[in-house]
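Please look over the model shown here.

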Amino acid sequence: MMTHATEATTHAGGLAAHSRLYQRLHRRYDTAWSLLAPGMPGRAAMAAACEQLLAQGKDLPTSLRILRQLVVERLMVLDCEHGAPLDAVCTALTTLAEVALDRACRQARTELDALHGAPLAPGGAPAQLWCIGMGKLGARELNVSSDVDLIFIYENDGETTGLADGRGRISNHEYFVRAVKRVGALIGDQTADGFVFRVDLALRPHGHSGPLAISLPALEDYLRLHGREWERFAWLKSRVVAPAECVAQPQVQALRQVVLPFVFRRYLDYAVFDALRALHRQIRQDAQRRCAGHPERANDVKLSRGGIREIEFTVQLVQVVRGGQFPELRCRPTLEALERLARAGLMPPESSEALAQAYVFLRRVEHRIQYLDDQQTHVLPVSDEDITWIAHTMGLGCCEFLRQLDAHRERVAHEFDELLGGPPKKTCSGPGCKQADDAPADWDAVIQAQPAAVAERMRQWREQPRVQQLSDKATGRLLRILRQTGLWLQDGSATEAGALRLIAWLELLLRRESYLALLVERPLVLNRLISLLGAARWPAHYLQQHPGVIDELASEALFGERFDAQAFRQELHERRAALASTSEDDEEALLNLLRRAHHAEVFRTLARDVEGRLTVEQVADDLSLLADTLLSITVHWCWEHFKGRHREAPQLAIIGYGKLGGKELGYGSDLDIVFAFDDTADNAPELYAAFVRKLMSWLTVKTGEGDLYEIDTQLRPNGNSGLLVTSFDAYAAYQQQRGSNTAWTWEHQAMTRARCVLGSDALHARFDAVREAVITAPRERAQLAHEILAMRERLREAHRASGALFDLKHGQGGMVDVEFAVQYLVLAHSATHAGLRENKGNIGLLERAEQAGLLPPGVGHAAADAYRTLRQAQHRARLNEEPTRVPPQQLAQERRAVLALWNAVFTARENAPG
């Protein structure tokens with residue numbers, strides 16, 4: 001651990017004294033150490049030391065260089081002798097760069113303003129130059145001998161004011177190019193006191209052939225028209241680092257709005273895998289060339305296999321692929337990103353922890369390599385003395401140090417190879433060598449390997465213009481997908497139905513090449529996709545509407561989990577916070593965020609359902625809980641964006657009826673809901689009417705991500721002619737038959753399945769009291785039966801089946817008969833049988849009614865089993881897009897059980913449905 005005993009930095013025999021850099025610094029600057037305040041150097045201490053150096057008559061370049069030597073010497077001692085944390089060392093070096101760049105930018109502007117006047121923006125205000133730190137500077141991860149990767153962007157084109165006599169006027173572009181050159185000289189030129197930082201401008205638009213500074217509009221055009229995939233990784237860690245006065249200015253947000261859409265795409269972007277492979281291959285090849293004839297250079301802790309760069313690539317690849325849809329992944333520091341990946345379930349926690357430990361270890365080794373001679377190198381020294389010194393400064397013996405180094409690099413290489421699909425294949429380029437190609441040679445070879453039906457479909461498909469117009473890369477990916485599908489068909493791990501539906505699904509997405517890339521990069525996803533499509537028809541349509549959810553199939557935990565409302569809330573909270581951190585949390589962004597989360601969670605449930613991991617009841621429970629959770633989150637977010645908001649939280653109750661109330665939601669179910677407020681504000685009726693209209697829009701409007709739910713409010717007091725939202729007192733009076741405007745019997749039937757989905761504890765309690773009062777109210781049973789039977793007959797007429805087929809829901813002995821019988825039992829008997837008052841669902845209430853003696857022995861249990869079977873049959877039919885009308889003999893036993901229930905409840909034969 002780092003101690004606080006750091007008053008002095010010079011002590012004979014300390015571990016740092018082995019460094020040749022340390023020795024040189026002490027020979028040259030032995031009288032200057034007191035200029036830097038004791039302890040870990042911070043911004044204030046650096047600024048004070050710089051001011052003292054300037055006060056001694058030194059110019060700015062000299063002062064900054066001496067400051068750099070003071071800081072590096074201090075960090076050497078704190079790191080090697082006191083165990084300073086890696087984060088503290090990197091932060092100090094980054095702060096040094098920020099202080100130096102701020103001083104240099106101000107100095108350059110002062111010098112140029114004296115010659116040319118200030119550059120002006122269109123409104124007459126001074127135009128700003130932003131120094132953007134890339135890579136380790138942007139992520140606050142600088143090492144001891146880092147260069148600083150910089151890009152300079154200026155706000156607007158225009159001209160300088162010129163001097164008072166009219167001379168010196170130049171364009172803003174020329175002004176800022178000169179400023180960049182001056183900043184580079186102030187920071188990077190080698191003098192007798194060394195340099196502050198080496199400056200690298202190669203990452204700027206168009207690289208070495210591009211201008212040293214470009215305007216913000218020019219940057220936007222470049223990224224949109226010419227930006228390459230590898231540049232997205234470079235811009236991932238970018239931030240404005242100087243001048244200090246500009247860092248927090250609102251104008252900087254305009255720059256962020258240009259960069260974010262370039263780095264992070266709206267969809268899952270697996271096409272970047274190839275770009276990263278190419279970049280990594282180039283780095284490996286460069287490293288191999290440097291090692292040619294110099295085997296000692298193979299021990300590069302940054303660029304060799306299992307080095308720092310592979311950790312960074314592993315993290316950045318997942319960030320770039322997923323960051324468009326998962327804004328909580330958008331962070332710059334590597335260690336923080338690893339934590340977020342694990343928290344989001346995108347990396348196993350043990351992998352995240354192993355990579356974090358390796359990163360810290362390798363970065364600490366890297367610093368010690370550079371402490372030795374202040375060289376920009378990452379290669380382990382060949383000297384035994386130097387290796388031993390590095391080991392001792394890390395608290396290890398030499399052998400243990402090398403063992404840990406090898407172990408960390410092996411783990412990093414393993415994780416990197418896993419991510420990119422295995423280690424790079426050995427290739428040769430000499431005479432007689434032939435490069436192996438993962439892609440099939442041509443369409444004919446792929447088609448010939450398919451079963452007849454699939455082969456014929458592929459022959460038809462390949463002739464379509466949209467297939468023929470694919471790029472060579474996209475065609476190669478498509479053929480690899482089809483070839484793999486054929487192999488699975490041959491070994492029986494895929495079905496022809498799944499393969500044919502895969503082709504139909506791909507046909508609509510051929511222009512979105514990232515999905516082809518995903519299926520190539522993630523064979524597990526392709527395998528699960530074919531299995532899912534082969535099991536039922538409806539998943540294919542859902543995937544056509546929401547193709548982005550396909551990546552959920554990559555989760556190893558997919559089939560072992562259920563919907564977790566608390567985790568879902570936390571995930572959405574983190575994503576919204578990430579959007580807010582970049583001022584992207586406008587209403588449209590939040591609407592899309594809710595929809596993406598909803599579609600992904602529905603798809604997870606669908607995948608578990610089709611795989612047979614969930615019962616029909618569990619599917620309904622999870623979809624209903626998801627609806628409850630989304631309603632709660634949407635109300636909260638919508639209220640925050642409501643202009644009429646007059647209190648912290650709305651006093652609003654959302655009452656769920658029908659399938660939502662009974663927790664029996666299916667895929668695509670609409671939500672039957674009623675709104676009631678309990679607020680004493682004078683304008684409460686108008687205020688909540690406006691809010692509910694806004695809330696309905698949030699729930700139902702179609703954005704680029706689709707919609708959330710269809711909403712049905714017909715069960716509100718007075719139906720479609722009534723108010724969209726009423727006071728809770730008015731709602732209670734209507735339901736409890738107080739006054740002239742009261743509910744009908746069919747509305748009381750609906751109340752048997754109602755529940756308060758959202759509201760304060762007080763509103764929940766008030767609703768429960770109203771519901772209990774309604775369902776336990778005294779009723780004349782014969783009249784109740786008559787009214788329920790009349791309503792049942794009207795429904796049957798509206799859904800009269802043609803022919804002899806049995807309608808699972810509306811037919812004689814179908815699901816609606818069970819529901820109406822249960823509703824009668826609740827309304828007729830819950831006053832004397834408290835067990836019927838709880839909203840337990842039809843199956844639970846039938847069991848309780850039989851236990852209470854309201855049904856003959858066995859009738860309730862048999863009807864409950866029949867209802868469960870009918871639900872399962874309806875569910876399977878809808879999943880496979882088949883009719884829900886079947887031959888009557890198919891479910892004869894279940895129909896008999898339901899009719900027995902009906903006759904037991906309504907007794908007289910003339911009342912039986914027919």
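Does Phe642 count as buried or exposed? Phe642 counts as buried, because its relative accessibility is 11%. Buried means under 20% relative accessible area, exposed over 50% and partly exposed in between, with a 1.4 Å probe and protein chains only.

## Basis

This is a predicted model: local features need pLDDT of at least 70, side-chain atom pairs count only at pLDDT 80 or more, and totals for chains, interfaces and linings use all residues. Residues are numbered from 1 along each chain as its sequence is written, and side-chain values use heavy atoms, with hydrogens and water left out.

## Aromatic pairs

Rings of Phe, Tyr and Trp (its six-membered ring) pair if their centres lie within 6.5 Å; planes under 30 degrees apart count as stacked, over 60 as edge-to-face and the rest as tilted. The count by this rule is 15 aromatic pairs. Trp538 and Tyr667 are stacked, because their ring centres are 5.3 Å apart and their planes stand at 25°. This pair links distant parts of the chain, 129 residues apart. Trp538 is in helix α24 (residues 538-545), and Tyr667 is in the loop between α28 (658-661) and β7 (671-677). Helices (H or I, at least four residues) and strands (E, at least two) are DSSP runs, numbered from the N terminus. Tyr667 counts as buried, at 17% relative accessibility.

Trp639 and Phe642 make a tilted pair, with 5.6 Å centre to centre and 35° between the planes. Trp639 is buried, at a relative accessible area of 1%.

## Charges

A charge sits over a ring if NZ of Lys or CZ of Arg is within 6 Å of the ring centre and within 35 degrees of the ring normal. The charged end of Arg895 sits over the ring of Phe806, 4.4 Å from its centre. Arg792 lies over the face of Phe820, at 6.0 Å from the ring centre.

Arg364 lies in helix α14 (residues 349-373). Arg364 is buried but has no salt bridge (a side-chain nitrogen of Lys or Arg within 4 Å of a carboxyl oxygen of Asp or Glu). Asp79, the nearest side chain of opposite charge, is 4.2 Å away. Lys and Arg count as positive, Asp and Glu as negative; His and the chain ends are not counted. Leaving out residues up to four places away in sequence, Arg364 touches Asp79, Leu86, Thr393 and Met394; contact means heavy atoms within 4.5 Å.

## Helix α35

Helix α35 spans residues 841-851, and its buried residues are Gly841, Asn842, Ile843, Leu845, Leu846 and Ala849. Their cover includes α27 (616-640), α34 (815-829), α36 (859-879) and α37 (892-906). Just after α35, Gly853 takes a positive phi of about 85°.
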